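Hi,

Here is the structure I said I would pass on to you.

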Amino acid sequence: MSTRITDVDVHDVRFPTAAAGDGSDAINRGDYSASYVELRTDGGPTGAGFTFTNGRGNEITCAAIGALAHHVRGRTVAEIAAEPVAFWRSLTADVQLRWLGPEKGVIHMAAGALVNAVWDLRAKLAGKPMWRYLAELSTDELVANVDFHHITDALTPDEAATLLDKGLVGAADRLAVLEQDGFPSYTTSVGWLGYPDDKVRALTREAYARGWRAMKMKVGGPPADDLRRARIIRAEIGPDALLMMDANQVWDVDEAITNMTALAEVDPYWIEEPTHADDILGHARIARAVTASTGGRCRVATGEVAANRVIFKQLLQAEAIGVMQIDACRVAGVNEVLAELLLAAKFGVPVCPHAGGVGLCEYVQHLAIFDYLRVGTSLDGRMVEYVDHLHEHFVDPVRTRGGRYLLPTAPGYSAAMRPESIARFRFPDGPVWR
């Protein structure tokens, strides 16, 4: 691990997804994009990482990665691994750039792209897929990678160590389950808001035939349209499959409560992002109301744009969520995700990672597998989101069977993009954009 990072290459990669309505929801329209990082080394493998954006924002995150790159360039992997929190803070607490957050938004996402690229490099040097690399780290090593600053009122290093030690028990048996069956997932590909009814019906029927028994739709349009589309999906999947809903923050608190009271007719399993992502108390109020109106059958889920571990801490403390949705790109990389997984386990809330977009499925499969093996230790209520878009652009794309993720086997974090895809979709000089 004396491998030295000699240079940092940043690519603005954008895919023209908006025209087909892929990824469309109540608030977002754009072209799925990645600010893609390659860490060049002195003879070792290349570390790959990225943060996911939605079009023009990519130029801002690319610039932020460039502004932080000096914290990575010239460092050896051994130096970083020996002082992981100090390295992480050099990015997230840069004495001039932290002001622009702090620990949220563009700077935090840019830090995450670099942090994730370093973890990809660490796993490649160890010759292991990321999930296995993490799962086989000792408890002391895992705890040493977590910044507990501002979360010790909810989770202490000793509590984290206890959870991780408990996770060693039965880990081999849990791995055998995943090797045989794969990891449970749900699909969002059936219900983008911009899809016409006939397409929703056809995609739902196809997904059900391929083995998915949990599906998510976008809501937040006219309430009558939301209910009509929900009835279409429920009719196709029957009463026993799970139907989740995602409002992408578009509702006010009272509006969310009113709309979910009507949508309770189709037995939703969760309502995701029912209001503003930072409104912890609003989420808590919605959670109480949804529990009352559905007899506890529906829960509140959020987290894909939760800015940092401190937001997650408050959501859990306030009993505002029944499902925690980590995102591999929104927060500052694997180190912060470790804190979030441990917080969820401490509070007994299942983690269902957010995925889709560009490469998020590739990233979060590793995090969910690690969580099951060493932290959460249960598949009850656990699913990874699956969206059938853009996997062909990755060297090690996700593989699914019967609605479940299959274990990645290649060393690293599955983050490396194909060179020909980078060349074709690089903005603004790639041939797709000329």
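Below is what I found, going roughly from the start of the chain to the end.

One thing before you dig in: this is a predicted model.

Begin with β1, β2 and β3. These 3 strands make an open sheet, in the order β1-β2-β3, with antiparallel pairing. The edges are β1 (5-14) and β3 (47-53), each of which pairs on one side only. From one strand to the next, the twist averages 20°. A handy one to click on is Arg14, whose bridge partner in β2 is Ser33.

What packs on this sheet? That would be helix α1 (residues 57-68), which touches β1, β2 and β3. The direction of α1 makes about 175° with that of β1.

**A pair of helices**

Next, go to α3 (residues 84-92) and α4 (residues 105-126). In general, two packed helices are described by the angle between their axes and the distance between the axes. Here the angle is about 145°, and the axes of α3 and α4 are 9 Å apart. The crossing is right-handed.

Which residues meet there? From α3 you get Phe87, Trp88, Leu91 and Thr92, and on the α4 side they meet His108, Ala111, Leu114, Val115 and Val118. By type, the contact between α3 and α4 has 7 nonpolar residues, 2 polar ones and no charged ones.

**Around β5**

β5 has parallel partners in β4 and β6. With β4 (residues 183-191), the parallel pairing has 2 bridges, and Gly191 has Met217 as its bridge partner in β5. With β6 (residues 242-246), the pairing is also parallel and runs over 5 bridges. Met217 turns up again here, standing opposite Met245 in β6.

β4, helix α9 (residues 197-209) and β5 make a right-handed β-α-β unit. Another right-handed β-α-β unit is made by β5, helix α10 (residues 223-237) and β6.

**Further down the chain**

Strand β7 (residues 270-272) pairs with β8 (residues 299-302) in the parallel sense, over 3 bridges. One spot to check is Ile271, which has Val300 as its bridge partner in β8. Together with helix α12 (residues 280-294), β7 and β8 make a right-handed β-α-β unit.

β8 also runs parallel to β9 (residues 323-324), and 2 bridges join them. Thr302 has Met324 as its bridge partner in β9. To get from β8 to β9, the chain passes through helix α13 (residues 309-317), and this β-α-β crossover is right-handed.

Happy to go through any of it with you once you've had a look.

Cheers

Note on methods
Residues numbered from 1 in each chain as written. Predicted model: local features only at pLDDT ≥ 70, side-chain atom pairs only at ≥ 80, totals over all residues. Heavy atoms only, no water. Axes fitted to C-alpha atoms, helices over the stretch in contact; angles between N-to-C directions. Helix = DSSP H or I, 4+ residues; strand = E, 2+ residues; numbered from the N terminus. Left-handed = near helix turned anticlockwise from the far one by under 90°. Contact = heavy atoms within 4.5 Å. Nonpolar A, V, L, I, M, F, W, Y, C, P; charged D, E, K, R; others polar. Pairing = 2+ DSSP bridges. Right-handed = clockwise from strand over helix to strand, strands pointing away.
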